[in-house]
Amino acid sequence: MAVKASILVASAIATLARAMQPGAASPIAAPMRDLVWGKLNFLHTTDTHGWHGGHLQEAQYSADWGDYISFAEHLRKQADEQGVDLLLVDTGDRVEGNGLYDASNPKGKYYYDIYREQDVDLICTGNHELYHASTADGEHLRTVPNFQGRYIASNLDYIDPKTGLQIPMAQRYRKFQTKNQKLTIVAMGFLFDFTGNANNTVVQPVRETIKEQWFQDAIKENPDVFVVFGHVGVKMPEFKEIFTAIRKQNWFTPILFFGGHVHVRDATAYDSKSFAIASGRYFETIGWMSVDGDLKRTTKDVVAAAAAVNDDAPSTEVAGLSFHRRYIDNNLLGLYYHTGLNESTFPTDHGRNVSQMIAQVRKDLDLDYTFGCAPKDLWMTRAPYPSEDSIYTWLEKEVLPEVAINEDRKDVPHLVIMNTGAIRFDIFKGKFTRDTTYIISPFLSVLNYIPDVPYEVASKVIGLLNKAGRILEEHAPMDARFMAIPEQFAIQQDIIHENPMPSFAGDSIVDGQKPLSGAKKEPVLIEGYTTRDDIGDDGDDAIHSAINFHVVPNAIQAEVGFSPKEKDETPGKVDLVFFDFIQPWVLGALKISGGNYTNDDVKSYVDGTFTELMAGWIKENWPADC
């Protein structure tokens, strides 16, 4: 026991000066906007996808889960001192996307113990917790018990493998009182109408869930505040359906929404007494929402509200509410700023120990092992496709033609189709590590094929995947947008900033470390989020120069093994190779284009996952040393 204690103390001392991960990029100061506190306040994470070690190559997002634990502990203390309340919310997709989760065997071996260290008040499921039966099992057997009473599954069931019975993944809703003001909250946690889940789970459409008796009972609880959180974009129809159902029964009760799934910072309001926020992706962002005003309802208010619903007459209105949001960069200097602390006073014992836990896991998984040195930055959306700086052009022109080779059929021309959503992040110039492989391609995607497809049929597939839309969806189980990157659920057009430097005129901003002292010269900014949502353009806590966003297609295609003559003339038959995830859409596109193929016609094309194939290509083609 004494030895273990000594190791803990040594670990804490070693990480005192730098709580984030060893080797992470040093944080960079930026001009800052303050947090606006209210009576009821929230910290929100979503779509963290295993990035609990932070962004080691990006200075503005390099804090880790231990730093977030320290941050939350300090803000809870501030809330207690002010006599207000602070709650933590997470809206799913905590898995798949980083070596910290994906590199272990089994996947997530260490993740559950790392994540549970944060004291989250409300937590729900994302679609990535459900793609594989084993992941859904882990969620039910590990995460739900870890957050007993705080994990909410309003429209999700689990099939018990022992009994075969369909049971709720977790409780349907939670009614509780806040710590300091004793505000009564009714909270519900939803998943969008997802249909790609494993067969040991059942997702009920929201429009059916809101008809159920438990929901009708919950919305008659007369709380001070409703909190609806879920793996749903704040502008997706599911949240609107829930809002309408609650508002019909509760005319004036504040309704707060916390969303996710689409990987963007966003906020909106459905009426004057509701507010909704989505807090980005990949642990780049910690969302902040605050509500101020007279939230506590009296017995008289409750009676009046019930009478209003029954008599169809106005009830006592909650007066003077105000809502605020901030999108907090996961940057240590920003976290220092918002807590009023510094390098020596910010880390808590708990936070430091979790940072050390993450560092040890990264070492055990050998996540810093280097496959090669990326010669340049390759972008998902910062560069247009096609272009020499596009990661998709690199894959199409260099990687796919060399890894998509079946030795028994290498002389047969083949079309290789990859969905853009199979790639999850940019490649930065420098070391390409074991961690990077899972950051870029975390999925278990493999290459399948249909042999000897007439070229005139196969050649139409890529166009249909990218353009057919509703017609294609009639032949496939899910929205075609699932093939592309999640951001394009919210962004359908290029966002090009002709003048990327924002103006500071009229904005209450201070430097992340010290006031600007009235200096007229605007500070030098690094690239980052410059969010414009339905509330305005002042949501980001740190001021950045803007980044362009170029929309990408659902899928890209490489032509492999075509002779110069075949490129000038129409070939007879080709092998149609594709990522297994998009098989339903490919079969649908083939049917539309005149090919009658089924799952029985599909075969495995090459051994290994695409992640493994890509890592092998990099090891062979990129220099070993940077």
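**Close-up views of the predicted model**

**View 1. The end of helix H10.** Just after H10, Gly-340 takes a positive phi of about 70 degrees. Helices (H or I, at least four residues) and strands (E, at least two) are DSSP runs, numbered from the N terminus. The model is predicted: local features need pLDDT of at least 70, side-chain atom pairs count only at pLDDT 80 or more, and totals for chains, interfaces and linings use all residues. Residues are numbered from 1 along each chain as its sequence is written, and side-chain values use heavy atoms, with hydrogens and water left out. The protein chain has 19 helices and 23 strands. Of its 626 residues, 59% are buried; buried means under 20% relative accessible area, exposed over 50%, partly exposed in between (1.4 Å probe, protein chains only). Among contacts (heavy atoms within 4.5 Å) between residues at least 6 apart in sequence, 80% join residues at least 24 apart.

**View 2. Helix H10 and its surroundings.** H10 spans residues 332-339 and is largely enclosed by the rest of the structure, because seven of its eight residues are buried. The buried residues are Leu-332, Leu-333, Gly-334, Leu-335, Tyr-336, His-338 and Thr-339. They pack against strand S1 (31-32), helix H2 (65-82), strand S14 (285-292) and strand S15 (322-329). At the start of H10, a side-chain oxygen of Asn-331 comes within 2.9 Å of the backbone nitrogen of Leu-333. Polar contacts are pairs of N or O atoms within 3.5 Å; within protein, one must be able to donate a hydrogen and the other to accept it, and residues adjacent in sequence count only if both atoms are side-chain atoms.

**View 3. Helix H2 against helix H10.** The axes of H2 and H10 come within 10 Å and cross at roughly 10 degrees. H2 is therefore roughly parallel to H10. The H2 residues Asp-67, Phe-71, His-74, Leu-75 and Gln-78 meet Leu-332, Leu-335, His-338 and Thr-339 of H10. This contact of H2 with H10 divides into four nonpolar, four polar and one charged residue. Ala, Val, Leu, Ile, Met, Phe, Trp, Tyr, Cys and Pro count as nonpolar, Asp, Glu, Lys and Arg as charged, and the others, Gly among them, as polar. Axes are lines fitted to C-alpha atoms, for helices over the stretch in contact, and angles run from 0 to 180 degrees between N-to-C directions. Angles under 35 degrees count as roughly parallel, over 145 as roughly antiparallel, 65 to 115 as roughly perpendicular and the rest as oblique.

**View 4. Helix H12 against helix H19.** H12 (residues 391-403) and H19 (residues 610-621) have axes that come within 10 Å and cross at roughly 100 degrees. H12 is therefore roughly perpendicular to H19. From H12, Trp-394, Leu-395, Glu-398, Val-399, Leu-400, Glu-402 and Val-403 take part; from H19, Phe-610, Leu-613, Met-614, Trp-617, Ile-618 and Asn-621 meet them. By class, the contact of H12 with H19 holds ten nonpolar, one polar and two charged residues.

View 5. Two strands pair if DSSP finds at least two bridges between them. S19 (residues 447-454) and S23 pair in the antiparallel sense over two bridges. In S23, Lys-603 is the bridge partner of Tyr-449.

**View 6. His-414 in strand S17.** His-414 lies in S17 (residues 414-419). It is buried, with a relative accessible area of 0%. Its side chain reaches the backbone oxygen of Ala-404 at 2.8 Å. The backbone oxygen of Val-412 lies 3.0 Å from a polar atom of the His-414 side chain. Leaving aside neighbours within four places in sequence, His-414 contacts Ala-404, Ile-405, Ala-558, Glu-559, Val-560, Phe-562, Asp-575, Val-577 and Tyr-605.

View 7. An open sheet runs in the order S7-S8-S10-S11-S13-S12, with mixed pairing. S7 (173-177) and S12 (265-268) are the edge strands, each pairing on one side only. Neighbouring strands of this sheet are turned by 15 degrees against each other on average, direction ignored. S7 and S8 (residues 184-191) pair in the antiparallel sense over five bridges. In S8, Ile-185 is the bridge partner of Phe-176. Helix H8 (residues 237-249) packs on the sheet and touches S8, S10 (225-231), S11 (255-259) and S13 (274-279); the direction of H8 makes about 165 degrees with that of S11.
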